[in-house]
Amino acid sequence: MTGESVAADAVAELTDLAVWFPTPAGVVHAVDGVSLTVRRGETLGLVGESGSGKSTTGLALLRLVEPTAGTVQVAGQDVTRWSRRRLRRLRRHVAMVFQDPQASLDPRHTVGASIAEPLAVHRLAASGAARRDRVAELLDLVGLRRDLAERHPHELSGGQRQRVGIARALAGEPDLIVLDEPIASLDLSVQAQIMNLLRGLQRELGLTYLFIAHDLAAVEHMSDQVAVMYLGRIVESGNPAQIWREPAHPYTAALLSAVPVADPPMQRSRQRIILAGDVPSPIDPPTGCRFRTRCPQARPDCAQTDPVLVEIGSGHQAACLFAGEAVRAMRAQPVNASSP
Amino acid sequence: MTDEETVLSVADLTVTIGTRRGAARAVAGVDWSVRAGETLALVGESGSGKSMSVLAATGLAPRAARVTGDVRLLGTDLATLSAARRRRMRGRHVGFVFQDPMTSLNPVLTVGRQIGEASEVHLGLTRRAARARAIEMLELVGIPSAAERVDAYPHQLSGGMRQRAVIAMALVCEPDLLIADEPTTALDVTTQAQIVELVADLQRRLGTAVVWISHDLGVVAGLADTVAVMYGGRIVEQGSVDAVFAEPAHPYTAALLAARPDPDANVTELVTIPGTPPSPLELPEGCAFWPRCSVRGDSRCERELPPLVPVAAGHQVRTFYPRQSTGEDR
């Protein structure tokens, strides 16, 4: 075990992780050199747009995708090459909550049976009665009535189904819960309920989360640390205040300025940085900096040098040759919105 | 109520859909109108009736739906027209953009053919002229190398490009009205910003009336002139976007605005609305929001439907207990 690289309070650690998928069109570089640490009792927020590799990164922590390179460490153990048999043990340490609870719950099973399944798999309840008690306790924890155990998923609302997904994830008392877009398919009034529930459970039970989302405001609200991903790489990381108030990578700044705010006069007048074009193909990412093809501040050096994450403030890192400076220049001279 | 500038108006619109579990009142008496060059945003959660009210108004409600009410497009009562004339009028004067561009695009036709087709049918252009018009439209919506992309198939474009192509298709006949039903919901936030800017810019240039349906209050804040907040098939609050957002008078609107995490306010607990939106199959008798309302006045709310009443000029609300404007809420 390479125990020494694991920080004392780290629950999970990825080092130089790469996940490539061969496709007929070429090799997709879904994740391409990602290192991150999730600390016990904290929430690491992973934010990015589609194709950034954030979900694949989460799946790698459960070994639900094969790492092409790099290492995956969970609870102090290097699980990168664990056999399929041993992986069952890993799945007790790391649980997952998916975006669409409708799709992740078996429609033929009752809610109780879905929640009890991990208890059976990991042999966590001695008897049927013990299992029923534990299911009732888990339903209490997530704020559902105990009699819902007899219902089927289609009889529940979206918010209730997501609570069942969370109860199921809690069943094995995991060290880490990977939350992949847990609020994205819920109504606005229900999103706040689920975010409050997740934070309350974390305080109560000392849970550790990897919170994966495209919603920056939600990530800021939920996280102790934030990592911003673009095209298979982390381009910036820091605490939420650093990311929100002093973004140093041009992509983070553009992402922030694209998030609409529910304040009409401010939303109409605010300076926006509108990026041109689309995210390039992960089959053939740009040379040098991967963001340079859309970066309003790209300079000749950016095509030559592939920037690495460098410390630009206490615990604040950015992978940009002109970190900080580029954002200041962008804000002074916003890009014209409607000429892509 | 209808003046010369009004492009589409609906009055007392109801939509009832027969289901195995009974009649669903998807829309229960809705009035709104939109004028040339103006953007009306319909805001609400799933099942609020926001999309159904627009589909019904434009004659696109599902067959099982029973639609009543008065709908006027450019002053013409659509109920008096034959189905064929109604379809022609819709094709010529109304453009549509839906959430998923692939539901609007035919995967086996090039985008150029699809954009051109409407101008052949409604404007009488030749195939060759329609192709030139398609290239012009692709340029207008900001698709690079339009002369080449005109021959591309939908799957060869990215999600953002496809939605631009759908907007080109919707606007090719220079419609008086654009219906945009959650057009940016499936897109990434940086692409969403591009599409919102694009529609706003085209609207300024073409003077189109826009009905924008969305659950995203931030998007609506940036592009709407007027807002109608829907809940349980009815409008619960409507007015200018500035008034509704700055001084929400309905407890539901106020709670929705407060439920979003605000990165500039350091709060641990978010304001929540307990429960879930009601099913159109079992709408409460009185105020539909009553079971979830924090104000919860009295048994009157439970039994009696509050009327839509003015709280200020051009700002109306459907509640017995409008929030007093303090002017310092936000």
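I call a residue buried if 20 or more other C-beta atoms lie within 10 Å of its own, exposed if 12 or fewer do, and partly exposed in between, with the C-beta atoms placed from the backbone. The model I am reading is predicted, so I keep in mind that local features need pLDDT of at least 70 and side-chain atom pairs count only at pLDDT 80 or more, while totals for chains, interfaces and linings use all residues. Residues are numbered from 1 along each chain as its sequence is written, and chains are lettered from A and ligands numbered from 1 in the order in which they are written.

**Entry 1, a leucine at a helix end.** I looked up L205(A), which lies in helix α7 (residues 188–205) of chain A; helices (H or I, at least four residues) and strands (E, at least two) are DSSP runs, numbered from the N terminus. Is L205(A) buried or exposed? I found L205(A) exposed, because 12 other C-beta atoms lie within 10 Å.

**Entry 2, strand β8.** I then turned to strand β8 (residues 209–213) of chain A, where five of the five residues are buried. Y209(A), F211(A) and A213(A) point one way from β8(A), whereas L210(A) and I212(A) point the other way. I noted beside this that in a regular strand the side chains alternate between the two faces of the sheet.

Which strands run parallel to β8(A)? I found that β3 (residues 43–47) of chain A is joined to β8(A) by five bridges, and that β7 (residues 176–180) of chain A is joined to β8(A) by four; two strands pair if DSSP finds at least two bridges between them. L44(A) has L210(A) as its bridge partner, and D180(A) has I212(A). From β7(A) the chain crosses through α7(A) to β8(A) in a right-handed β-α-β crossover, a term that applies if, with the strands pointing away from the viewer, the path from the first strand over the helix to the second runs clockwise.

I traced an open sheet of four strands in chain A, in the order β2-β1-β4-β5 and with antiparallel pairing. Its edge strands, β2 (26–39) and β5 (77–78) of chain A, each pair on one side only. Two bridges join β4 (residues 69–74) of chain A to β5(A), and Q73(A) stands opposite D78(A).

I counted 41 residues of chain B in contact (C-beta atoms, placed from the backbone, within 7 Å) with 38 residues of chain A. On the chain B side, α8(B) gives the largest share, eight residues.

Note on methods. Two residues are in contact if their C-beta atoms, placed from the backbone, lie within 7 Å.
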